[in-house]
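Please look over the model below. The report covers charged pairs, a loop residue and the ligand site.

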Amino acid sequence: MERTFIAIKPDGVQRGLVGTIIQRLESRGYQLVGLKLMQVSQELAENHYAEHKERPFFPGLVQFITSGPVVAMVWEGKGVVAAARKLIGKTNPLEAEPGTIRGDFGIDIGRNIIHGSDGLETAQREIALWFGDSELVNWTSSA
Ligand code: CMP
């Protein structure tokens, strides 16, 4: 079954949006298979954002994601990678549609509340980077 990686960034956690975000994904019909609240290390942040290493905003990106607690999650279900991106909305909250998480709660591209994997391969890479196998549950064998 398809899985994606979702992280609620320090601004989303500090603004009390964790419950709202989880509810939106749950009520759409997706299943939470991994969840942890964590302080992100410099190494994990640099690895996660490696594709942006040469961008001028990279240092700020790493600084921000390591600045406070992050809720890291893995969600599972049919078409979850693309569907979660739609629920999240465009990277720049000013361009995100109302009804999406960023469109409803954000105005700043660097403080855009949430991250979601942008494709199947990225999802696999990010899940492996953030979670060990033993941290992920299997609903079908435990339900
Ligand atoms: P995210 O989905 O976490 O993936 C990369 C992040 O880089 C993105 O969300 C934004 O928060 C950030 N980002 C992208 N473009 C810019 C930019 N021009 N200035 C600052 N941050 C950016």
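How many salt bridges does the structure hold? The count is three. This is a predicted model.

## A salt bridge between strands

One of the salt bridges joins the side chains of Arg-3 and Glu-76. The N to O distance is 2.7 Å. Side chains of opposite charge can pair when their charged atoms come close.

Where do the two partners sit? Arg-3 lies in strand S1, residues 3–8, and Glu-76 lies in strand S3, residues 70–76. The pair therefore ties together parts that are 73 residues apart in sequence.

Thr-66 is found in the loop between helix H4 (58–65) and S3. Its side chain reaches the backbone oxygen of Val-62 at 2.8 Å. The Thr-66 side chain also reaches the backbone oxygen of Gln-63, at 3.0 Å.

## The ligand site

The ligand takes up the space of the largest pocket. Around the ligand are Lys-9, Tyr-49, His-52, Phe-57, Leu-61, Thr-91, Arg-102, Ile-109, Asn-112 and His-115. By class, this shell has four nonpolar, four polar and two charged residues. Under the classes used, Tyr counts as nonpolar, although Tyr-49 does bring a polar side-chain atom to the ligand.

Which residues place polar atoms by oxygen atoms of the ligand? Tyr-49 has a polar side-chain atom 2.7 Å from a ligand oxygen. Asn-112 also uses its side chain, with a polar atom 3.1 Å from an oxygen of the ligand. Ile-109 contributes through its backbone: an N or O atom there lies 2.8 Å from a ligand oxygen.

What share of the ligand's accessible area does the protein cover? On its own, the ligand has 460 Å² of accessible area, and the protein covers 78% of that.

Conventions
Residues numbered from 1 in each chain as written. Predicted model: local features only at pLDDT ≥ 70, side-chain atom pairs only at ≥ 80, totals over all residues. Heavy atoms only, no water. Near = heavy atom within 4 Å. Polar contact = N/O pair within 3.5 Å; in protein donor to acceptor, adjacent residues only side chain to side chain. Areas by Shrake-Rupley, 256 points an atom, 1.4 Å probe, with all protein chains shown as cover. 1 Å grid on protein atoms, 1.4 Å probe; cavity = no way out; pocket = protein on both sides within 12 Å on 5 of 7 lines; lining within 4 Å. Sits in = over half its atoms within 2 Å of the grid points. Salt bridge = Lys/Arg side-chain N within 4 Å of Asp/Glu carboxyl O. Helix = DSSP H or I, 4+ residues; strand = E, 2+ residues; numbered from the N terminus.
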